[in-house]
Amino acid sequence: MADTAPDAVTLLKEDHRAVEKLFKEYEDASGNAAKRKIAERIAGSLIVHTRIENEIFYPACEGKVEEADLKEAYVEHDAANVLIAEILASTKGDEFAEAKVKVLKEEIEHHVGEEERWLTGIFSQAKRHGVDMDALGAKLADAKTRYEAELEKDGPEVHLAALKKTKVAAA
Ligand SMILES: [Fe+2]
Ligand SMILES: [Fe+2]
């Protein structure tokens, strides 16, 4: 597994490109049923991606990437997941369905930019400070396969609950 899996950054960037393609497909699709199917695929791929970053990639970046950048990334994941949950829960007649997917796309574009930005992005910082991307790539690939199968079997709710990373302070 370890010698066939892509390195961590390659794997995560491939996920980014794949979801960008899905957002484009969503825009081009016509009809609520077709859009709904694509929205579910977007949600599924983001759930799995966020989970492997939260549980494997970001923890490996601790001490190697500016703490503030990692914190911001976790909060961005949580914000996206709120919208993903809403998109999945929205029923047929939701007049905001398309707007929600559009806002999610904009949030993800911003977030991906912060991960991939040359020199100062999370991936660049992690590489520069010696995170072992080959070992990490194998771990990410294993977890991705496992979570994709679980998502198929159990549905998204359990994953969305597991994803909540940041705590909301009590009022
Ligand atoms: Fe990412
Ligand atoms: Fe991320």
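Let me start with a convention: a crossing is left-handed if the near helix is turned anticlockwise from the far one by less than a right angle, and right-handed if clockwise. By that rule, helix 2 passes helix 6 in a right-handed crossing. Helices here are DSSP runs of H or I with at least four residues, numbered from the N terminus.

A quick word on what we have, everyone: this is a predicted model, where local features need pLDDT of at least 70 and side-chain atom pairs pLDDT 80 or more, while totals for chains, interfaces and linings use all residues. Residues are numbered from 1 along each chain, chains are lettered from A and ligands numbered from 1 in the order written, and side-chain values use heavy atoms, without hydrogens or water.

Back to our helix pair. The axes of helix 2 and helix 6, residues 133–154, come within 9 Å and cross at roughly 145°; axes are lines fitted to C-alpha atoms over the stretch in contact, with angles from 0 to 180 degrees between N-to-C directions.

Now, the metal. Glu53, Tyr58, His77, His111 and Glu115 coordinate the iron ion (ligand 2) at 2.0 to 2.6 Å; donors are N, O and S atoms within 2.8 Å of the metal (3.2 Å for Na, K and Ca), and water is not among the atoms, so sites may look incomplete. Tyr58 in helix 2 (residues 32–61) and His111 in helix 4 (residues 97–116) link distant parts of the chain, 53 residues apart. Tyr58 is buried at 0% relative accessibility, and His111 is buried too, at 7%. The iron ion (ligand 1) lies 3.3 Å from the iron ion (ligand 2), and Glu53 coordinates both.

One last stop: Leu119, in the loop between helix 4 and helix 5, has a positive phi of about 70° although it is not a glycine.

Notes
Helix = DSSP H or I, 4+ residues; strand = E, 2+ residues; numbered from the N terminus. Buried < 20%, exposed > 50% of the residue type's maximum accessible area, 1.4 Å probe, protein only.
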